[in-house]
Amino acid sequence: MSTENLPQSPEQPGFEQPIRKPRVAVVFGGRSSEHEISVVTAGAVLRAIDRSVYDVLPIGITVDGRWALTADEPDRMAITDRRLPSVDQLAESTEGDVVLSVHPGSREVVYTEPGSVPKALGEVDVVFPVLHGPYGEDGTLQGLLELAGVPYVGAGVLSSAVGQDKEYMKRVFTSFGLPVGPYTVIRPREWEQDASAARKKIVDFTGDHGWPVFVKPARAGSSIGITKVDDLSGLDEAIEEARRHDPKILVEALLRGREIECGVLEFEDGPRASVPAEIPPVQSHDFYDFEAKYIDSASGIVPAPLTEEQTAEVRRLAVAAFDAASCEGLVRADFFLTEDGEFVINEINTMPGFTPISMYPRMWQETGVGYAELVDRLIQAALRRSTGLR
């Protein structure tokens, strides 16, 4: 019998393996206080990924740390009637777990559920981790992906950790000669063993820099847990609020001036800065807090009304901050333009808010890189980059 018309196997000469689209696992949610904002970001990223180019696997991490298989339904991930979404609302099962193999080179994802045979979900080629805050943006997830040998979007282990811890971020910036504002740190042991001495440390700080001060968690984001304190009477309450999110707190002096942000994106030839944006004062809010950012949708001015020289300087400083912290992929750098006309860097975000109306995508839109292109560039950069020492 002739075998001419029988299907060929991969081992037979002339067999052509079908081209497989790169598979992107979008990982979101997480255990931090920024869980819901991460879900909102994931919805925007999922909506933007070109399905003719990539296969997509959405994986949500619940607030208790369980990895869950979720439906690919971006519309359910939006803020609706001032209500924030969560992974628990999106998970396909309350008991099933998604497991990523940590065997380097495997990249296999498996779904397990009690009483059922584990189901192979196939390999992933790259992870887009849109988690914010601890247990996601701080190097912990990045370390897991390094162990598994799976490329991922954004900063590596060290730069993620530096970008999350505002104290060490400022120390790194200072060591590279970048201007930072006055601050002091209260470590967990200081407050727990001698609250009076810790309180006096802050009072001494205000003696040098004045009231008000901002008391904030040292390793949180989205302006969660931050209190503006006008005098000693509000200090203890502000400390306890910050410590609800992080046992280590940061106390910063007020810098009078304008809030300026700038995006950095890694291109093939190195990092480049976007046009900057300005965050104007928000009516009914003492500062640009969580409610102003996400619930009341306060909007920045893009591009910021700066002189040509000021624009060039803040873009230079943003790239310098990116390099100082050994970042990869993307960063949003936040500055104050003081009344003396000097830029002071406040912080960087290695995975900034990423909805189409967030400041980072808006700055790049104005610079000439649209949202879908921005997402694609980040995925392609991650696919080109290996894991491990680099």
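Is Phe-128 buried or exposed? I looked this up in a predicted model. Phe-128 has 0% relative accessibility and therefore counts as buried, the cut-off being under 20%.

Entry 1: I noted five aromatic pairs in the structure. I then located both residues: Phe-128 belongs to strand S7 (residues 126–129), while Phe-354 sits in the loop between strand S16 (343–349) and helix H11 (359–367). The pair therefore ties together parts that are 226 residues apart in sequence. I also recorded a cluster in which ring pairs link Phe-128, Phe-354, Tyr-360 and Tyr-371.

**Entry 2: helices H1 and H12.** I followed Tyr-371 into helix H12 (residues 371–384), which packs with helix H1 (residues 35–48) at about 90°, the axes lying 9 Å apart. The two helices are therefore roughly perpendicular. On the H1 side I listed Thr-41, Ala-44, Val-45 and Ala-48 as contact residues, and on the H12 side Tyr-371, Ala-372 and Val-375. By class, this contact of H1 with H12 comprises six nonpolar residues, one polar and no charged.

**Entry 3: a sheet.** I traced an open sheet of three strands, ordered S4-S5-S6 with antiparallel pairing. Strands S4 (97–100) and S6 (119–123) are its edges, each pairing on one side only. Neighbouring strands are turned by 25° against each other on average, direction ignored. Between S4 and strand S5 (residues 108–112) I recorded four bridges. Val-98 stands opposite Tyr-111 in S5.

Definitions and conventions
Residues numbered from 1 in each chain as written. Predicted model: local features only at pLDDT ≥ 70, side-chain atom pairs only at ≥ 80, totals over all residues. Heavy atoms only, no water. Axes fitted to C-alpha atoms, helices over the stretch in contact; angles between N-to-C directions. Parallel < 35°, antiparallel > 145°, perpendicular 65-115°, else oblique. Contact = heavy atoms within 4.5 Å. Nonpolar A, V, L, I, M, F, W, Y, C, P; charged D, E, K, R; others polar. Pairing = 2+ DSSP bridges. Phe/Tyr/Trp six-rings, centres within 6.5 Å; stacked < 30°, edge-to-face > 60°. Buried < 20%, exposed > 50% of the residue type's maximum accessible area, 1.4 Å probe, protein only.
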